[in-house]
Amino acid sequence: RGIGGPALPAIATDPGTPGPYRTVTGEYALRPVRLPDFREPVELAGVVVAPTGAAGRRPLVLFLHGRHSTCYHPGGDEGEDGEDGAWPCPAGWRPIPSHRGYLAAQRLLASQGYVTVSISANGINGQDIDAADHGMQARSSLVRLHLARWAQWAGQGRRSAPAVVRAAPPADPSQVLLVGHSRGGEGVNRAAIDSVSPPPAAVDGFRGRPAWRIKGMVLIAPTIFGQNPAADVPSTVLLPGCDGDVADLQGQLAVDQTRGVSRGRALHSAVYVVGANHNYFNTEWTPGQAQAPAWDDWWDEDETKPDPLCSTTAGAARLTPAQQQAVGSTYIAAAARLFVRGDDRVRPLLDGTGVRAPSAGRARVLAHAVGGGRTPLVVPDEGVRVSGPAGSRRCAAVAPGSRDTCIDVDFIFGSPSPHFAWFDYIVPEPDRHAVALAWSRPGTPVRVRPAAPAALAGATAVALRLAVPPNSTGTRFDVAVADTAGRRAVLGQVRLDGLPGTGRTASHWAQEVRVPLTAARQAGIDLRRVARVDLVPRGPAGHAWLIDAWGWRPGTPASTATAQPRLDIGQLTVIEGDSGVRTYRVPTRVSGPGSGTFRLFVTTAIRATDPTGPVGAEVASRLITVRPGTRHVDVPIRVAGNTRYGYGQEHRVAAKAVRGTVVGNWAGGVRVTDDDPAPQVRVTAVADQVREGASLRWRMTLSETADVDVWVVLPILAPTAGAGLSTTDVDPQWLAENLGLEPRPERPLAAADFPLLAVIPSGGLEA
């Protein structure tokens, strides 16, 4: 049995089984490189694990770790004194070797005949804090710089290669698998895009033509802030159910956002690992295994009420580091066999067929997929119509607080469903829908009609991705299809149990279930024109969500990534000015051949210094179609000047690929710097000498109004003579509300070292 669920049948070909080769391990450190917009050079270093005695060129697997502390002090404690995010490391500190954290997976792959390298990215982690794309272009540049070296070392430059590279078989640069963890996942995704559709030269640290081909990717607990996956490059995403870092499991969108963007031949799978956290996939981020200070990324809001599923005290519900790392190694190896070597025997582990790998141990691991030869049946969009019991409807994936929302989101912890993670704080977001299913009694069908009849003639089954509430059991549906002539056939019944979940987990994750099309063929259904899918609940009242439905058939078709129209958005910084309205145009660049469609979002007048500013801000969006010869998209931004003090504003522009396109730098816009001096603050006493029992009062007055709230900080100073007020001299409730203190033990207010705060509201003059 897996954690919280029944055992799945074991796959006959277990990719987690070590191969026949011995391995060699070593490291290289080349001259650091300069990357655009980074002040300090970035290291070009990696740890290599390769087979020995393997004939011919071998596939290459490159690992990229995520964003983590960069330096540590030997002997220091965890926390401020033990680790740091600086670059270069201060004197006496050492770089944290995050790139050595995947050695177990590297050794497994090397034993199976792959050459592997895990590269260091501390120089990016220590400098990406102000990068508009969170450092993804820099990570892509670093990956491609390493790949370029490996391509040289596989050819005429082999004699100049580092010793460990010469000790290994030559790598085959036409057979590359990229593995990225956390921000490294989004980084390798960008590298896959950039390898086919080059980025603007001004932002790219790589020069030259790619001499490699990326056959697939594994994204481990990844970020995907841009929600623009490489749609034509096969991928597997590992989603840890107890991720305390990327808590909304936004990496799911690396699967969902590929739908409809391209031909749909590349397989994109999501693998949900119950009881796994974010950090333990990397031994250098794991307490007890790491060289530097390390920690469990899960955290409890209330330490007195630990999470029963994900807390460190959860016991058997959580995977141990060794168990979690076994899962990671096994599924990386599965992706390598399927995407690089074309071994279709391991596909059922990744595509939702419902099997387990014995080498993954007791872990409960579920998978689903899109692409890979599936034929669209229901991919919810504006044209989908839903009828049935009250509450069943097409719903909006991201529309918090709206009656149309599929499920409400929390802007602190994120959506309880990875499928509904938001994009760049844009709410509501068009183009993203699912089907909400609700019923009060069994037997009444929910009828779902796609905008146009579906062609399922080549399919052998209908595959549905359905989410049910966490911890629920026994949700059952009969599944039927009908053609345009009205002929209907019941294909079979599916059953789902909810994933383990709590209020802090993103456990509303869709499981894949399938029913064969045998009954439809026997009933004479015209599978070239399927007009409807019926889901008939067979249990008590409940609800569920249909993410999509497909015609499925076995096999993994080949997929080739080709250059497409590419959009990159730049950033413009301007001065507000004292009067009038100026129009600025956001820097955009369209490159690549062909035609395609993007969706462009413009969020205006965000407070530039407030990271939560975009929440609830006004957003306008539109579809942009580009054609051969298009070189930019016109995005005008109007900026009004004045002489009032403010914090500056940001007019943010973001983009997503919709059809036949790719997006590189997905966010930019116009940042407006306020050029007005802060008003003068005058403090006058209203009542600074009073009898006991009365209130001391002061008035804060501004010299002129401001466009923002002005906060005045009032430190409590020790008097020049006398004892001054103590904590027992003032009202206890006032003390608690203003300074967060208890009266006892008695001590001077000045010793508390807490200031009073007064706010003068925007447009006001005094408080």
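Tutor: First, a term: buried means under 20% relative accessible area, exposed over 50%, and partly exposed in between (1.4 Å probe, protein chains only). This is a predicted model: local features need pLDDT of at least 70, side-chain atom pairs count only at pLDDT 80 or more, and totals for chains, interfaces and linings use all residues. Residues are numbered from 1 along each chain as its sequence is written, and side-chain values use heavy atoms, without hydrogens and water.

Student: Is Asp 37 buried or exposed?

Tutor: Asp 37 is exposed, at 75% relative accessible area. Its phi is positive, about 75 degrees, although it is not a glycine. Most residues other than glycine have a negative phi.

Student: And where is Asp 37 found?

Tutor: In the loop between β1 (22-33) and β2 (42-52). Strands here are DSSP runs (E, at least two residues), numbered from the N terminus.

Student: What about Gln 227, buried or exposed?

Tutor: Gln 227 is buried, with 3% relative accessible area. Its phi is also positive, about 50 degrees.

Student: Switching topic: which residue does a cis peptide bond join to Pro 88?

Tutor: Trp 87, with omega about -5 degrees. Pro 88 lies in the loop between β5 (83-84) and β6 (94-95).

Student: Now the open sheet. What is the strand order?

Tutor: β14-β17-β22-β19-β20, with antiparallel pairing. Two strands pair if DSSP finds at least two bridges between them.

Student: Which strands stand at the edges?

Tutor: β14 (385-387) and β20 (488-496). Each has a single partner strand, so one side of each lacks a neighbour in the sheet.

Student: How many bridges join β19 to β20?

Tutor: Eight. Phe 477 stands opposite Val 494 in β20.

Methods. Helices (H or I, at least four residues) and strands (E, at least two) are DSSP runs, numbered from the N terminus.
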